[in-house]
Amino acid sequence: MLSVSGAPVTPLPLTRDLVLIGGGHAHALVLRKWGMAPLAGVRLTLINPDPVAPYTGMLPGCIAGHYPRDAMMIDLVRLARCAGARLILGRAEGIDLAARQVRVSGRAPVAYDVASVDIGITSDLPDLPGFARHGLAAKPLGSYAAAWERFLAAQTPDPQVVVLGGGVGGVELALAMAHRLRAAGKRPCVTVLERAGRALDSLGAGARAALLAHMDRLGVRLLTQTAAARVTAQGVETTAGTQIPADLVLGVAGARPQGWLRDTGLVLADGFIAVGPTLQSSDPAVFGAGDCVHMTHAPRPKAGVFAVRQAPVLLHNLRAALSGGHLRRYHPQRDYLKLVSTGGKGAVADKWGLRLDGALLWRWKDAIDRRFMAGFGPCPAMAGPALPARHAAGLAEAMGERPLCGGCGAKVAAGDLSAALSQLPAPVRADVLSGPGDDAAVLRHAGGVQVMTTDHIRAFTEDPWLLAQITAIHALGDIWAMGARPQVALAQVTLPRLAPHMQAATLREIMQAAASVFSQAGADIVGGHTAIGAELTLGFTVTGLAGRIVTKGGARPGDALILTKAIGTGTLLAAGMTAAPLPDGLLGEAVAAAFAQMCRPMGAASALLAPVAHAMTDVTGFGLAGHLLEILQASGCAACLDLACVPVLAGAEALAAAGQASSLAPANRAGAAPRMVFTESPRAALLFDPQTAGGLLAAVPQAQAEALLAALRGQGEDAAIIGRIGAGAPRLTVV
């Protein structure tokens with residue numbers, strides 16, 4: 001980082017943790033505004049189980065087929081990057097008020113100084129027998145939308161749908177589903193069950209009459225004073241003993257709070273967090289917004305409009321709580337305009353008891369919804385450090401056009417590394433069997449050999465737990481690639497400048513995550529070193545034991561090439577660092593899938609491949625092409641690669657086509673392309689993509705390749721046979 005004068009600037013220390021629990025509408029708006037004016041010294045964290053969050057207003061339109069699913073999803077990965085926040089993809093399951101920690105499933109607790117809860121509600125029906133197994137809850141919305149798409153794809157000419165709940169939400173979704181099924185050429189039977197004697201009781205007379213007319217138009221049947229007794233695979237049995245056949249049973253009856261709130265120690269109202277006018281709970285350090293709270297000073301029904309209008313007050317008060325400022329009060333409006341969609345591109349308005357209905361209202365609603373979602377569009381381009389007016393020759397070229405990538409994309413280029421290693425003296429100790437050149441050094445050991453390697457990662461995520469997991473797996477890759485059993489590890493941790501309590505919490509997360517990976521692999525962390533620096537960097541030095549090692553040399557003509565993981569992590573991480581849009585799909589979901597793959601250890605895959613592999617390596621910073629060429633160079637062979645068979649992570653090829661690439665990719669291409677024959681394409685560009693915690697690449701006997709592939713896929717690996725080893729000078733032909 002440079003100042004205006006060109007002198008280095010030390011990043012400001014972080015002194016307070018603000019944790020947002022849940023990706024609801026209020027928190028999404030807080031993140032958007034925070035990115036425009038962050039509070040110095042605060043580390044902002046968002047915890048959410050999914051990388052995207054649905055916008056309630058567009059759900060009926062999505063169900064009706066007017067919007068694609070992606071149009072209603074807020075991409076939390078991109079939003080967090082724009083806000084400078086760390087995103088923890090996990091499900092909160094508790095708050096320890098005394099320790100000021102959020103408990104998250106499957107990982108270390110997350111510390112906070114100030115927290116806010118916006119986790120929405122659920123419409124599941126746990127007390128209704130059979131619903132958990134055979135029913136579908138409308139909330140969480142994302143799960144419902146995905147299940148609905150699967151239902152539409154089913155070959156059912158006369159689908160029968162039962163909606164439990166005759167409120168506005170139930171009727172609106174019933175109309176949307178009836179419209180969509182009819183538009184698909186099917187003959188649906190949609191039935192709405194309402195326990196009370198009157199449906200849509202919260203609406204004025206005009207709006208209620210209009211919606212009932214639309215139900216008649218689309219053939220949606222309404223049964224009042226009808227309650228479900230149980231849900232079965234065949235449909236719904238009512239309390240009166242009537243059987244209503246159903247292929248899909250949707251629960252929209254009421255709003256239930258998330259169950260884990262009961263054990264937080266916060267004061268609740270019917271299970272919802274009780275908050276006052278400042279949106280603070282009974283614990284002043286914990287705020288709340290959206291449907292998961294009950295406003296004690298002004299009770300209101302559950303509606304997204306309140307979450308949206310709470311957001312500015314919530315943002316102000318969170319900043320004030322972190323810096324000692326004055327808190328503002330939130331006063332909700334007494335009434336608000338409701339625009340209820342009617343299946344097709346029409347809507348009904350409810351306010352003042354009037355009957356307003358038609359396409360014009362749909363266009364108004366559509367414009368409101370699209371404007372809301374447009375606010376979560378592309379981030380403003382982040383300017384890099386300015387080039388000083390007077391500078392040394394070559395500085396502009398050294399800075400490059402792209403920001404420096406994290407992960408293995410931050411490695412030194414292969415050519416520069418080889419040149420440096422070539423100057424090292426040859427090993428003189430008799431127990432050093434090999435030094436630089438293979439995946440790990442090989443030392444003589446009683447009863448076999450010991451291998452030793454080290455790997456360091458520049459942070460590509462603000463989540464220290466996730467970073468530690470992936471870095472540990474990445475470091476173990478060299479051990480597994482040589483067919484060894486992990487033995488011990490030393491940790492090297494560089495933390496950014498943090499307040500002491502944040503430093504301790506971050507280090508705890510890192511070490512617990514790393515220990516879980518090494519323990520699962522059969523290794524122990526036996527020590528290490530910590531330091532304070534400009535940014536988070538993690539590394540591990542690892543040893544392993546083996547009776548027989550597998551090297552890069554040894555591949556034979558006729559061998560099949562097996563790759564155990566999809567490629568594309570470098571491109572996805574580069575796009576994630578700049579919050580670049582994914583041309584087709586949601587970047588957040590693609591990045592989350594890449595993280596999930598990177599978190600998958602390769603010990604089991606190594607145990608299958610090592611006993612039979614003639615040569616093996618792990619695919620990391622130099623990309624698939626660079627690491628395959630290392631095998632060819634060490635083995636004195638050529639290879640033919642079938643590009644169509646190379647597994648690629650979702651979104652990576654589309655991003656490559658849009659010009660996204662890791663900062664290391666050009667150097668990888670320059671080092672590998674002269675020894676390759678290939679046709680330029682976005683997919684071919686991914687051959688030079690640096691991988692973090694990438695897969696194993698093994699040359700195995702052709703006769704055993706299919707059986708090995710089946711066994712790998714049986715373990716859950718996205719493995720593929722991607723080519724063949726051939727005779728000739730080390731050269732790679734891509735077809």
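A residue is called buried here if its relative accessible area is under 20%, exposed if over 50%, and partly exposed in between, with a 1.4 Å probe and protein chains only. L200 is buried, with a relative accessible area of 1%.

A word on the ground rules: this is a predicted model, where local features need pLDDT of at least 70 and side-chain atom pairs count only at pLDDT 80 or more, while totals for chains, interfaces and linings use all residues. Residues are numbered from 1 along each chain as its sequence is written, and side-chain values use heavy atoms, leaving out hydrogens and water.

Helices (H or I, at least four residues) and strands (E, at least two) are DSSP runs, numbered from the N terminus. A693 is in a loop too, between helix 20 (682-685) and strand 35 (696-700). Neither residue is a glycine, yet L200 has a positive phi of about 55°, and A693 has one near 50°. A693 counts as buried because its relative accessible area is 2%.

**Helix 1 against helix 3**

The crossing is left-handed, meaning that the near helix is turned anticlockwise from the far one by less than a right angle (clockwise would be right-handed). On the helix 1 side, A28, L31, R32, W34 and G35 make the contact, and on the helix 3 side it's L79, C82 and A83. Contact means heavy atoms within 4.5 Å.

**Rings and charges**

The charged end of R32 sits over the ring of F376, and R319 lies over the face of W34. For this, CZ of Arg or NZ of Lys has to be within 6 Å of the ring centre and within 35 degrees of the ring normal.

| Charged residue | Ring | Distance to ring centre |
|---|---|---|
| R32 | F376 | 5.3 Å |
| R319 | W34 | 5.6 Å |

Rings of Phe, Tyr and Trp (its six-membered ring) pair if their centres lie within 6.5 Å; planes under 30 degrees apart count as stacked, over 60 as edge-to-face and the rest as tilted. The structure holds seven aromatic pairs. One of them joins F372 and F376, edge-to-face, at 5.3 Å centre to centre and 65° between the planes. F372 is buried at 13% relative accessible area, and F376 counts as buried at 11%.

**Two threonines**

Is T45 buried or exposed? T45 is buried, since its relative accessibility is 0%. This threonine lies in strand 2 (residues 42-48) and touches L18, V19, L20, R86 and I88, not counting residues up to four places away in sequence.

T461 is a loop residue, placed between strand 27 (448-458) and helix 12 (464-481). At 7% relative accessibility, T461 counts as buried. Leaving out residues up to four places away in sequence, T461 touches L466, L467 and F595. What separates T461 from V348? The two are 113 residues apart in sequence and 45 Å apart in space, C-alpha to C-alpha.
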